[in-house]
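Work through the exercises below with the model open. Try each task before reading its solution.

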Amino acid sequence: MNNKISYLLNTVRCMHRCNSVLTPKSSATARKHILWVGRYRDPLENVNFRKLFLNIFPSLHGSSLRFLSQETGVFSTGANIQPEKSTEALVSEQAPQSSLELEKLDDSGSFKVKHVVDHSDPFFNGLQKCTCPCDILDLASESAVSIKHFTNCLTAVWRLFKNLSEDQQRYEKQLIFEHPAFVKLCQQLLRDSRRMTRGDLVFSLHAVVSLGVPQNTLLVQTLLRVCQEKLNQLDNRCISVLATTLAGLDKDKNVSALQAGLQLLVEQRIPSIRDIFILQNLMKCMGKDVPVFLKKKLEMAVLKQIDHLTFPNALRVFSALVAMNYCSIPILNACSKKIQENVHDAPFRQLILILEACYNLQYRNVKLFSALADYINSTACLWDKRQIILFLSAFETLGFQPSELMGVFAEKVTEDPEFLNLKNLLIVLRVYSRLNYVPRGQKHLFFETLHSCLNKYLPQISNTELLKAVYSLCILGYLPHCALDELMQKNSRGELLLSDDLYKEQKEMMLRCVKACMELDSPSFTKPAFVLTENFSSLISLNLRKAREALIELLGDENMFRQNVQLPYKYHIDFEIRMDSDRKKVLPIAATDDHADSSVQRLAVLFVPLSAFCVGTMHPQGKLAMKKRHLNKLGYHVILVLNKKFQEMTNEDAVEFLKGKIYSENAFSFSEMTVQDNN
């Protein structure tokens, strides 16, 4: 039965191909049947099709394809190439360009081609009425008589094709490649490639490549070769289209040679480009491998046009800079300002892409992050919970704490935890633990809800996922007893740390932290009267030399403090200072070293990097907060010093800063402060 249906469908296809020339509009009906019923076959498997591109075209062209080396004279920027032109080509080039015009990018980032209709030509009126690619091919087989007709048909086919769904594209592609008019159209392009106008040439190449014609076919390689010959004749718009096309091709001799020539041409043309759309597209297509000096030239060209920046262009410039792997703070600041003003117009996907771009470029702009977080928080009722999780995950990778949004989402979790599958649960645990956020007023309920969800997945959770989940909860100071018991059992059986595990060291660190939390965060733990310490090393890092000199000047003697102190549980502090109970006087280390004295205050001075805090604040991230909490349990008062800010101080300011931290009554309280960002 299946064989009969297959034969029937093949017969329908043959009748469709045979009648397409006589009935230009019949393909729409046939397409509806074949599109959803016919079994998909890769059109490139068709023997006749392969013969067409690999065998017939050489005989039509008259010679085999020649590859162009990078030494070809076409790349000399002063060359004027005058190939033979037909009367039609000469007339066409007297027009503004061709009947094709480039529109701005759509949301997918692909080119949109609009057709300038010549109302005196019935062909173009018919082209505008076509609703599917096969209708265009039917029209081409019936009415196309000039190069202009063929090139416009091809680009119109691509315009309609790219708007189809993925499933529809697969079947429509089969119909296109099997259509007799498509074969004729490709033959015509090959014959007349050297007579095309520059606009028709680059748009035809873009359409052919985008439709999936193999790169190693004679058609694509010939169009690439002709583009090399006409490279110096291309205007800025055509250069942008060609750059987009080459970005989607694999490296071969023709592509590499054309890219090299295009790079030289772009370098020469940059001062003349006034369209920020073309500039950002060139940035995206040239990629990260272009020389730094060319990146800087593109940057300066964009900055000259920055006053004309629109919201859609601001979004695309972000992705263009990522593609070029170039962090331009002035451009990003301008784009960020434009995005903040129009954040309500940005769709979900664009917001995520902005945050991902900031991460890839290592760009931190607290105003931008806050604007995005406030917008998401104010419209939280409109977002799906899983979308909010993706937002929170993106903020977490940036180290930014959207506290209000995290509070609102915590309420959603406690109200309805059923939406949390295992994957989402692990993301939530990671986000809240790293950003060190505990919801106010519902801390216990929030932890119990997450713990209950984790217990539900214990029978199916992997060893690594279990370790990550327990580690996250422990960082927040909560001990999930059921999960801890399961984890310790797996560890005793040797199932957690395998000898060939690539992440063994990371897992060892996480397990060590979990064990420390089990002891220090246990309700039964009491502060020890005496903590055994040892000097880790007499050598001091370059980053701490300035701090050591400031302490000597402040305290008068290096015996008044200890450096590089190693504590139990693998904790390390940069400097230890001991003071009397009133915090008025610093005591010598030797006098209080060998006995416990409740009247002695122990200070732990930690010089920490900016990355240990949430972006834009002095709010410690999870691991630093856990260390501070545990040092407090061991009897230390912790002083956190931002190392970058300290290194920028003069020696006098550094001494005064430490004096205020050590002797002040508020020396041991930790208040948040704003840290300057990129903006």
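Residues 24 or more positions apart supply 75% of the chain's contacts with a separation of 6 or more; contact means heavy atoms within 4.5 Å. The model is predicted: local features need pLDDT of at least 70, side-chain atom pairs count only at pLDDT 80 or more, and totals for chains, interfaces and linings use all residues. Numbering starts from 1 along each chain as its sequence is written, and side-chain values use heavy atoms, with hydrogens and water left out.

**Exercise 1. Check the length of α22.**

Solution. Helices are DSSP runs (H or I, at least four residues), numbered from the N terminus. After the helix comes Asn436, with a positive phi near 55°.

**Exercise 2. Decide how enclosed α22 is.**

Find which residues of α22 are buried, and what they pack against.

Solution. Buried means under 20% relative accessible area, exposed over 50%, partly exposed in between (1.4 Å probe, protein chains only). The buried residues are Leu422, Asn424, Leu425, Leu426, Ile427, Val428, Leu429, Val431, Tyr432 and Ser433. That is 10 of the 13, so α22 is largely enclosed by the rest of the structure. Its buried residues pack against α20 (385-398), α21 (403-415), α23 (443-456), α24 (463-475) and α28 (622-633). For the chain, buried residues make up 53% of the 679.

**Exercise 3. Describe the packing of α20 on α21.**

What are the axis distance, the crossing angle and the contact residues?

Solution. Axes are lines fitted to C-alpha atoms, for helices over the stretch in contact; angles run from 0 to 180 degrees between N-to-C directions. Here the axes come within 11 Å and cross at roughly 140°. That makes α20 oblique to α21, given that under 35 degrees is roughly parallel, over 145 roughly antiparallel, 65 to 115 roughly perpendicular and the rest oblique. From α20, the contact uses Lys385, Ile388, Ile389, Leu392 and Phe395; from α21, Leu405, Met406, Phe409 and Lys412.

Technical notes: Helix = DSSP H or I, 4+ residues; strand = E, 2+ residues; numbered from the N terminus.
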